[in-house]
Structure formats: structure tokens, C-alpha cells
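Please have the model open as you read.

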Amino acid sequence: MPKPGRDAGASKDSKYDLSKISARVDRVNVSGLLRTHNDYVMRAADGLFKANNFQDLMLEALSTKSYLHELGIFKDVSVHIDVSRGTGASPQGYEVTFKGNEMSRMMGSAGTEIGQNEGSLRTELTIPNILGRGESISLQGSYSSTRANDLQLKFWKPFFHTRFKENRPEMSFSIFRQTDRYDISSFQTTNFGYLVDFSAHTMVGVDLTHSLQYENSIRDVGLLNKSVPFAIRDHCGPKLASLLRYSVAYDNRDGNVFPTRGIYLKSVNEYCGLGGNVAYTSSTAHGELNVPLFAGLVAQFCGRVGVVKETKNTTQLPINSLFYCGGPLTLRGFKFGGAGPVIDGTSIGAQTFWCTGAHLWTPLPFAGVFKNLASHFRMHFFYNIGNSNSFSTENMRSAFGMGLAVKLAERARIELNYCVPVRCQSTDKIHHGFQFGIGYEFV
């Protein structure tokens, strides 16, 4: 047996403070570049040359590895740190080498995609890094038996290699064809057009994500059956829409699906009427606040509001740009679009809506026993209130209940709730009992 005295002392002395070990980077190598131009990865090493101790060197090396992954040219990247040798090597110098494996010239994927209260089958064919600086093109298609079908040809170009790399700027151009079904109103829309998008981050005080889009599309409204009110029939036929869309988001939550603390804010604004025969302005805002309590309990408060207005060029507000309040994502205890105006027994969208939700999230009982499995589940008690075409609380709708939520890969969640509507209107379509919902943005 080893002698306890000497071995115990060696074990204690084996812990070093890496921040006290002087180090500097003499050279950085990036290997594995086949189709990629050297200047596209040169800025990856900017942080490494600023390291003055071994701890900073390791942290910057991991940050550079993550950055190289974000460039969208490598399948995987490995890091090797070695003592600097040869002429020009400094006494505390190190040489860092990143070995990358570039993506193949063509990639394909198939799987499922989570939308707002729908799931779809998605396929994608991508040609990455076409011109050697991250430019890529993809053909994407998705199919859903319930609502949306989508076909899109997209070209995008990141500008991460420029001096604005901290802002993550990216531009894209898409040609798309999208079909949306509104079964509750007995119509569907088919949009065919193109979209230009510019996105970036700003970090002046807070980290904000911006997106500026221009869309030009033909919107064709068709009927799903013959017994449709004239108010909906009046919207049928193709129309040309030309619009600008700006969105901004702030997110400091510690998780996307089951956050325990933090705030999430998002705003989307549209101006349609730059051409064509469709004109309106639209604004929506979504907010979420999470407050940790005790014993794993989390209080969550959510809210969403939307307004669509006419402009001086508006002849008729497009029915597919109106808001549908109700459903498991907005106002639980009501069917999708079931808490809004009705014409001849058929729900139509509203020009304004608002809804709020208060939640108390709690871990499952015996969560400490099945830690890995239980981390994907939560229980919650909720109370929702909201209204359409009115910002007053006079005729508001409300419901409460409890349910079970399941996390899907840090991107979306499934909810199975038992809902009890409290206040409703005579024309509302309520859903008393169990209600199923799937999506990534709930109220």
C-alpha cells in the first residue's frame, strides 16, 4: 500500500492555478482547408494572441473552436496546444493548431420539424461553402397534414470573417412557395415570392438580435368548402404584396424551454404597401419573465399583443394577416381562433388581440430519483386571460388548469393540459378538458 502521508501531500500539490502560468501564443495554424479561402478563418485567432496566461489561452482556444464551427464550413474541429519551437519561439510561447474536417460538397437530411401547434416532415438538400467564404445554397421542403406546407430555395452569405464578426451579420435570398390552411375559417392561402433578409447582433448595453426583411409575393386565398360566408369569399383570389418586416429580440434566459430565470422580449413590425394591391401595418410583441422561487418552483409571466391597421392605400385588410386568438399556444381552454369575432357561425381573424398567462412550474415528484429523465418533464398550473378586437377587460376570456410539459431538444415542448374555461362569449369555441399543444413560443 502507498504511504498515506507523501501521497496525500502530492495529491494536494497537484492542483495548479493556470492563471498564474505565463503564456503567449506565437503561432496559430488552421489545417484542413480545401475549398475555403484563408482570409475566411484569419480572424478566428484574434483572441488567442491577446492571452497572457495559460488559462486564458485554453478559454480562447475553446472560443475559437466554437467560432470555426459557426463559420459553417467544418463538420468537426479539434484543438492541439504545443510548446512553441524553432526560430522566433518565445520562452513562454505556445503553438495552437486547429484541425478541421470540411463539410462534403453536398449534404442531405430528413426529419421532423416543430412549428406552432403542428409538426411536419422536413427534407433538405444543401451545397455548403460554394465560393469558399461560407456561401451556401439549400433546397428545403416541409409537409404537414394539418396546416402548413413549404418549399424554399435559399442562398445565404455570412460575414463572420469581417471586422464585424462580433455582430454575426448574415444576408440571404430565398424563393418560396408556402401554403397555410385555416380550417376554422374554411380558407387557405398560397404564397409564392421571394424574400431578402439581413440579420445581425448588436451588443450596446444589451445583446439584441435584429432582422430586416423585404418580401414580394403573390398571395392567393382559396376556399376549403362551399358553405363559406361572403365576408370570407370577398378575400378570394391572388393579390400582390410588397412589404418590409423588422424584428428585434432580447433573450437572457438560462434556457429556451424550461427557463428558471431571465427575460425574453420580441417585437415584429410590418409595413405592407410598397407596391401591389395589399396595404396594411402590423405589429406584434411577446414578453416572458421567469422568477425562481424555492424547491425548484418557478413563477412565469407571459404576454402577447398584436395590432393590424389600415393605411391610406388600404382598400381591404387581408384576412390572412389578421390575428387568431385561442388555442394551446395563446389562450388555453379555447380552440385555435375560437376566442374571436364570428360571421355566420365561422370564425374570422381580429384586428387586435392580447393575451397573458401566469404559470407556476414545478419539477415532477421523485425528480431527484430519475434526474436525467425528469429534467425533460415539468408540471405547471396556469391562468390565461385575453381578448380580441378590444383592449378592455369587460368581455375578456379566461381559463385555468394544470398540465404536463415535455422538452424536445432544447427547442420546443409538448403540453398536455386539463383546461377549465372561466369566462367566454356565446360565439366562442371552448375546449373544456384535455388539450394538446406543441410549439416553441407559448403564452
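## About the model

This is a predicted model, where local features need pLDDT of at least 70, side-chain atom pairs count only at pLDDT 80 or more, and totals for chains, interfaces and linings use all residues. Residues are numbered from 1 along each chain as its sequence is written, and side-chain values use heavy atoms, with hydrogens and water left out.

The protein is divided into domain 1 (18-102) and domain 2 (159-439), with bounds from an automatic or database domain assignment. Their centres, taken over C-alpha atoms, are 42 Å apart. Eight residues of domain 1 and six residues of domain 2 make the contact (heavy atoms within 4.5 Å).

Between them the domains bury about 670 Å², 53% of it on carbon and sulfur atoms; buried area is the accessible area (1.4 Å probe) lost on putting two parts together, summed over both. In domain 1, Arg 43, Tyr 67 and Glu 70 lose the most area to domain 2, together 68% of what that side buries. One salt bridge is counted between the domains (a side-chain nitrogen of Lys or Arg within 4 Å of a carboxyl oxygen of Asp or Glu). The side chains of Glu 70 and Arg 168 also meet in a salt bridge, at 2.6 Å from N to O.

## The second largest pocket

The second largest pocket lies between domain 1 and domain 2, because both give residues to its lining. Its volume is about 270 Å³, the space filled by probe spheres set on grid points joined across faces, edges and corners. On a 1 Å grid over the protein atoms alone, a pocket is an open set of points where a 1.4 Å probe fits, with protein on both sides within 12 Å along at least five of seven lines; lining residues have an atom within 4 Å of a point.

Of the 16 lining residues, Ser 63, Tyr 67, Lys 165, Glu 166 and Arg 168 are the closest to the pocket's centre. The largest share of the lining, six residues, comes from α2 (a DSSP run of H or I, at least four residues, numbered from the N terminus).

Technical notes. Helix = DSSP H or I, 4+ residues; strand = E, 2+ residues; numbered from the N terminus.
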